[in-house]
Amino acid sequence: MITEELVEHFNGPMSTSIGTCNLNGIPNFARVWGVQIDDERKKMTIFLPEVVGKVAIVNLKENPKIAYNIADMANFQTRQYKGTVIEIRTATHEEFEIADEMCKNGLVPVGEFFGVDQANAWKNYIKTPLFAITFEVEE
């Protein structure tokens with residue numbers, strides 16, 4: 001279960017990614033944007049741009065294990081959540097807004113740490129179309 005303390009970790013400028021692997025154990029990394037936590041705090045839904053997510057989606061259909069990494073850009077506090085994917089679908093417009101907001105929240109820290117060019121690259125990251133991936137978080 002995701003505690004209230006951990007829920008607070010999701011506020012602010014974040015860098016998020018997932019790790020997957022196929023049945024042969026070959027890993028894949030992909031940047032994801034935004035997160036929703038269910039009311040029971042047992043499931044997360046994350047948003048993966050199709051442009052970078054094709055390998056991850058193939059992997060998750062073969063092997064539904066996922067690792068979700070979230071790093072606070074202000075203090076570098078990082079957490080990893082592991083789980084089993086239970087649904088992959090196209091994200092809604094409202095979910096795109098969540099993903100887009102997470103991207104916008106990261107503009108200032110990216111610019112401060114890496115410069116204006118990287119902030120512009122971050123801002124222009126292709127986020128549509130998006131997959132919505134829901135997974136059950138392991139205890």
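Buried residues make up 43% of the 139 residues in this predicted protein model. Buried here means under 20% relative accessible area, exposed means over 50%, and partly exposed lies in between, with a 1.4 Å probe and protein chains only. Residues are numbered from 1 along each chain as its sequence is written. Because the model is predicted, local features need pLDDT of at least 70 and side-chain atom pairs count only at pLDDT 80 or more, while totals for chains, interfaces and linings use all residues; side-chain values use heavy atoms, with hydrogens and water left out.

The protein has five helices and six strands. Along the sequence the pattern reads α-β-β-β-α-β-β-α-α-α-β. Helices (H or I, at least four residues) and strands (E, at least two) are DSSP runs, numbered from the N terminus. The radius of gyration is 14 Å, close to the 14 Å of the globule rule for 139 residues, so the protein is as compact as a globular protein of that length. That radius is taken over C-alpha atoms, and the rule is 2.2 Å times the number of residues to the power 0.38. The C-alpha trace spans about 40 × 35 × 30 Å along its principal axes.

Now the sheet. Six strands form a closed barrel in the order 1-2-3-6-5-4, with antiparallel pairing. Neighbouring strands of this sheet are turned by 45° against each other on average, direction ignored. Axes are lines fitted to C-alpha atoms, for helices over the stretch in contact, and angles run from 0 to 180 degrees between N-to-C directions. Two strands pair if DSSP finds at least two bridges between them. Strands of a sheet pair through backbone hydrogen bonds, either parallel or antiparallel.

Follow the pairs. Strand 3 and strand 6 are antiparallel over seven bridges. There, methionine 44 has phenylalanine 135 of strand 6 as its bridge partner. Strand 5 also joins strand 6 (residues 130–137) through seven antiparallel bridges. Threonine 84 is bridged to glutamate 136 in strand 6. Strand 4 and strand 5 run antiparallel, again with seven bridges. Isoleucine 66 finds its partner in glycine 83 of strand 5.

Most residues other than glycine have a negative phi. Phenylalanine 76 has a positive phi of about 65°. This residue sits in the hairpin of strand 4 and strand 5, which has five residues between the strands. Phenylalanine 76 is exposed, at a relative accessible area of 56%. Arginine 41 also has a positive phi, of about 60°. It lies in the loop between strand 2 (27–37) and strand 3 (43–49). At 25% relative accessibility, arginine 41 is partly exposed.

Helices lie across the strands. Helix 3 (residues 93–105) runs at about 110° to strand 2.

What lies inside? The largest nonpolar core has 29 residues, of which Ile18, Ile46, Leu48, Tyr68, Ile133 and Phe135 touch the most other members. Such a core is a set of buried Ala, Val, Leu, Ile, Met, Phe, Trp, Tyr and Cys residues joined through side-chain atoms within 4.5 Å. Strand 6 gives the most to this core, with six residues. Isoleucine 18 touches residues including Ile46, Leu48, Ala56 and Tyr68, leaving aside those up to four places away in sequence. Contact means heavy atoms within 4.5 Å. Among contacts between residues at least 6 apart in sequence, 71% join residues at least 24 apart.
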